[in-house]
Amino acid sequence: EPPYARLSGSEGTHREKLDLRESRSSQMAGGLLVFLCLYTAETVTFLCREKPSSFVLIGFFKPLLCFYISKQCRNALEALVKVIPIVTQVLLMEFFLNFIFATTAHRLFGSYAAFRELDTSFLSMITLSTTVVNPSLWLPMYRDRPGSAVFFIFFLFLMVIVVHSLVLSVIFQSYSQATQHILARSHRDKEDALQLAFESVCALRHTAGAGAPRARAVYVHDVMNVLRVCRPHYPLFKIDALLSVVDPTTEGRLSYNTFRIRVPQALQISLRSPYARSAFVAAVE
């Protein structure tokens, strides 16, 4: 029976969602498989040809390894995906404003080459909004009709100062909110995973009775057995070193508050075996 089966209501449902969430390997299995196949084909071709050369296509799949390894990269990519809808709406609004001004410019200045057709007028106004062709684009109209400067100055003020600032602020705010949401979810998932681990260790001795998990305790011996499974390559003295982090007071029992703090610390510690330093090693160091 899974540990969340003993939980009730929305809490148990949330544990089921946490348990059924796809792992990192499941989410990126397809891309990594394609990368492996292309890399194998590249290696075989490299070995078979007299003049070795490599495929350029494989370079497009190399960032998958970065996203697979780095959690920060995955969070940033997820935040960007969440930002895309609102950014698309803001950009569509900007293009719509450009289209309105392009239609007006086409009606007012249709005799000039830059605004003779509606499509060229639209492209001219988009280019003008970037200030790349300012003021060379509207100088011919200004020489003939000085009052046309009011139209173009108003357009530049609206697009450069108002709309572009609005787009940048929306992108920054949306990305910040998405990042905060992802970090909060990661923290919540970590707490839920620790609670599930605590429930599972409690179930080893059938001590998970009624009540909140913080009111119960687990045996350090059971935690040691779990550490042996998590670190199968560790010898006994390294397991004892991890236990000294988990239970420095040798009480033999851990409450939930102690468990959620010390067990992650023990799992994040990298232990190295002692070695005899020779004279050469000492000289190199």
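**Entry 1**

I began with E78, which is partly exposed at a relative accessible area of 24%; I take buried as under 20% relative accessible area, exposed as over 50% and partly exposed as in between, with a 1.4 Å probe and protein chains only. The model is a predicted one, in which local features need pLDDT of at least 70 and side-chain atom pairs count only at pLDDT 80 or more, while totals for chains, interfaces and linings use all residues. I number residues from 1 along each chain as its sequence is written, and side-chain values use heavy atoms, with hydrogens and water left out.

I then looked up the salt bridges, meaning a side-chain nitrogen of Lys or Arg within 4 Å of a carboxyl oxygen of Asp or Glu, and found that the structure holds two. In one of them E78 pairs with R185, with 2.8 Å between the closest N and O atoms. This pair links distant parts of the chain, since E78 sits in helix α5 and R185 in helix α8, 107 residues apart; helices are DSSP runs of H or I with at least four residues, numbered from the N terminus.

**Entry 2: R260 and E191**

I next noted the salt bridge between R260 and E191, where the closest N and O atoms are 2.4 Å apart. Here too distant parts of the chain are linked, R260 lying in helix α11 and E191 in helix α8, 69 residues apart. I recorded R260 as partly exposed at 28% relative accessibility, whereas E191 counts as buried at 17%.

**Entry 3: T258**

I stayed with helix α11, residues 256-267, which also holds T258. The relative accessible area of T258 is 23%, so I list this residue as partly exposed. Its side chain makes a polar contact of 3.2 Å with that of S255, the term standing for a pair of N or O atoms within 3.5 Å, of which, within protein, one must be able to donate a hydrogen and the other to accept it, and residues adjacent in sequence count only if both atoms are side-chain atoms.

**Entry 4: along helix α5**

I followed α5 over residues 71-108: its 38 residues reach 54 Å from first to last C-alpha, close to the expected 56 Å, a span taken as 1.5 Å times one less than the number of residues. I marked a kink of about 40° at I84, shortly before the proline P85, the bend being the angle between axes fitted to the seven residues ending there and the seven starting there.

The buried residues of α5, among them N75, V87, N98 and A105, pack against α6 (118-129) and α8 (148-204). For N98 I read a relative accessible area of 1%, which means that this residue is buried. Apart from neighbours within four places in sequence, N98 is in contact (heavy atoms within 4.5 Å) with F122, M125, I126, S129, F155 and M159.

**Entry 5: the cores**

I last looked up nonpolar cores, that is, sets of buried Ala, Val, Leu, Ile, Met, Phe, Trp, Tyr and Cys residues joined through side-chain atoms within 4.5 Å. The largest has 22 residues, and F109, F115, M125, L128 and F152 have the most contacts inside it. The elements that give two or more residues to this core are α5, α6 and α8, with the largest share, 10 residues, coming from α8. I also noted a second, separate core of 19 residues that includes F198, M224, L242 and F259.
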